[in-house]
Amino acid sequence: MNIAIVGATGKVGNKFIEVLEERGIKADNFYLYASKKSAGKKLKVFDKEYIVLELNEENIKNKRIDYALFSAGGTISKDFAPIFVRYGAIVIDNSSAFRKEKDVPLVVPEVNKEDILTHHGIISNPNCSTIQMVLPLKVLNDKYKIKRVVVSTYQAVSGAGQKGVIDLKNGINAIPPKKFVHPIFSNVIPHIDDFLENGYTREEEKMSFETKKILHDESVQVTATTVRVPVYNVHSESINIELERGFNIDNIRKDFEEMENLVVLDDIKNNVYPMPCNVDNDDKVYVGRIRRDETIDNGLNIWVVGDNIRKGAATNAVQILECILKYKKDVRL
C-alpha cells in the first residue's frame with residue numbers, strides 16, 4: 001500500500017502524519033507532496049525520512065499510489081485530485097472543492113460512513129465547523145427529528161492556517177494583521193470566508209448545505225453566524241435546535257453518551273463544560289450546557305467544542321481512510 005499526502009508541509013499535512021502514526025496506519029511507501037518552494041525538505045513518517053516532492057504529474061504517475069490525503073486548498077484539489085484518481089488512487093480531500101458534487105460523498109464516519117461505498121475516486125472531508133456539529137445533530141435528528149438549527153461559531157485562528165496563528169501572535173505586539181481584515185488580538189471578527197450577495201458568508205452557507213448532505217435530510221433548516229475569536233486552536237459552537245418531538249433532558253444526555261466519539265461534559269454545579277483549553281489535541285467532540293430552550297416548544301440549547309485541526313480536518317480524513325481499508329477487507333469496496 002502506498003499513501004500520498006498532498007500539502008504535507010502545512011499544518012493539516014503535518015497532522016495527517018501525526019494521526020497516521022498514532023493509529024498505526026503504515027504503508028510500503030509514503031509520498032509527500034508540496035509546492036515547488038517546499039520541495040526538497042525532509043519529513044519523518046514512522047521514523048523514516050522522506051524527501052518532499054514537488055506536486056506535478058510527472059511525480060505522480062509512476063508511484064502506484066493507493067490513497068491520497070489532500071490539504072492544499074481548493075484550487076490544488078481541483079487540478080490534481082483527478083490526476084491522482086486517473087493513476088489509480090482514492091483521494092480524501094480536505095478542501096471545499098468537491099463537497100457540492102452529487103457523486104462525491106461528504107463523510108463524517110460516526111454519522112454516514114456508508115456513503116463511502118458510493119465514491120467514484122474522491123471523498124470529501126466536510127468543513128471543520130460542520131464536522132463537530134453533525135455528531136450531536138445526528139443523534140437528535142434520528143430520535144426527535146430536527147426542524148431548525150441556529151448556530152453561532154467561535155472559531156480559532158488555526159482554522160485560517162499558519163498565517164492566522166501569526167496574526168494573533170503579532171497582534172499581542174500591535175503588529176497589523178496580514179491574514180485577517182481586522183486585528184484578531186483582543187477582538188472577535190464576525191466574518192469567515194467571503195460574503196455572498198444575501199449577506200451570509202461562504203462559511204455559513206457551507207454549514208447549512210453540508211449538514212443537509214451529511215444527514216441525508218433536506219428538511220433540516222440551518223442558519224449560521226460564523227465568528228473568528230482570539231483562540232489559537234479548537235472551535236466552539238452555541239447551537240439552538242428546534243425539534244419536532246418532545247424530549248426529556250436526561251434522555252438527551254444519555255442519547256449523546258451513546259454516540260461514538262461524542263463526550264458529554266455537563267456538570268454546571270461544578271463548573272464543568274467543554275472549553276478549548278481542555279479539548280485541544282483531542283480527537284473527540286465534546287458537548288455540554290445541555291438545556292431546554294423555554295421560549296419554544298421542543299427547543300434545545302447545547303454547547304459543542306472540537307479540535308478543528310484534528311477531528312475537524314486530519315483525524316476525520318484518516319478515519320475515512322480506516323473505513324475504506326475495513327470495507328476493502330470486508331469485500332465491500
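**View 1. Val6 stands opposite Phe70 of strand E6.** Strand E1 (residues 2-6) and strand E6 (residues 67-70) run parallel to each other and are joined by 4 bridges, where two strands are taken to pair if DSSP finds at least two bridges between them. Helices (H or I, at least four residues) and strands (E, at least two) are DSSP runs, numbered from the N terminus. The model shown here and in the other views is predicted, with local features requiring pLDDT of at least 70 and side-chain atom pairs counted only at pLDDT 80 or more, while totals for chains, interfaces and linings use all residues. Residues are numbered from 1 along each chain as its sequence is written, and side-chain values use heavy atoms, with hydrogens and water left out.

**View 2. The parallel sheet that contains E1 and E6.** This open sheet has 6 strands, arranged in the order E5-E2-E1-E6-E7-E8. Its edges are strand E5 (53-54) and strand E8 (122-124), each of which has a single partner strand, so one side of each is left without a neighbour in the sheet. Helix H1 (residues 11-22) lies across E1, strand E2 (29-34) and E6, and runs at about 150° to E1; axes are lines fitted to C-alpha atoms, for helices over the stretch in contact, and angles run from 0 to 180 degrees between N-to-C directions. Helix H2 (residues 74-86) lies across E1, E2, E6, strand E7 (90-93) and E8, and runs at about 175° to E6.

**View 3. Strand E7, covered on both faces.** In a regular strand the side chains alternate between the two faces of the sheet. In E7, Ile90 and Ile92 on one side and Val91 and Asp93 on the other are all buried, that is, under 20% relative accessible area with a 1.4 Å probe and protein chains only. E7 pairs with E6 in the parallel sense over 4 bridges, and Val91 of E7 is the bridge partner of Ala68.

View 4. Strand E9 (residues 146-155) and strand E11 (residues 235-243) are antiparallel and joined by 8 bridges, and Val150 has Asn240 in E11 as its bridge partner.

View 5. On the H4 side, Ser129, Thr130, Met133, Val134, Leu137, Lys138 and Asn141 meet Glu203, Lys206, Met207, Glu210, Thr211, Ile214 and Leu215 of H6. By class, this contact has 6 nonpolar, 4 polar and 4 charged residues, where Ala, Val, Leu, Ile, Met, Phe, Trp, Tyr, Cys and Pro count as nonpolar, Asp, Glu, Lys and Arg as charged, and the others, Gly among them, as polar.

**View 6. Helix H4 against helix H7 (residues 249-257).** H4 and H7 pack at an angle of about 125°, their axes 10 Å apart, and are therefore oblique to each other. Pro136, Val139, Leu140, Lys143 and Tyr144 of H4 make the contact with Asn251, Ile252, Asp255 and Phe256 of H7. By class, the contact has 6 nonpolar, 1 polar and 2 charged residues.

Methods
Contact = heavy atoms within 4.5 Å. Parallel < 35°, antiparallel > 145°, perpendicular 65-115°, else oblique. Buried < 20%, exposed > 50% of the residue type's maximum accessible area, 1.4 Å probe, protein only.
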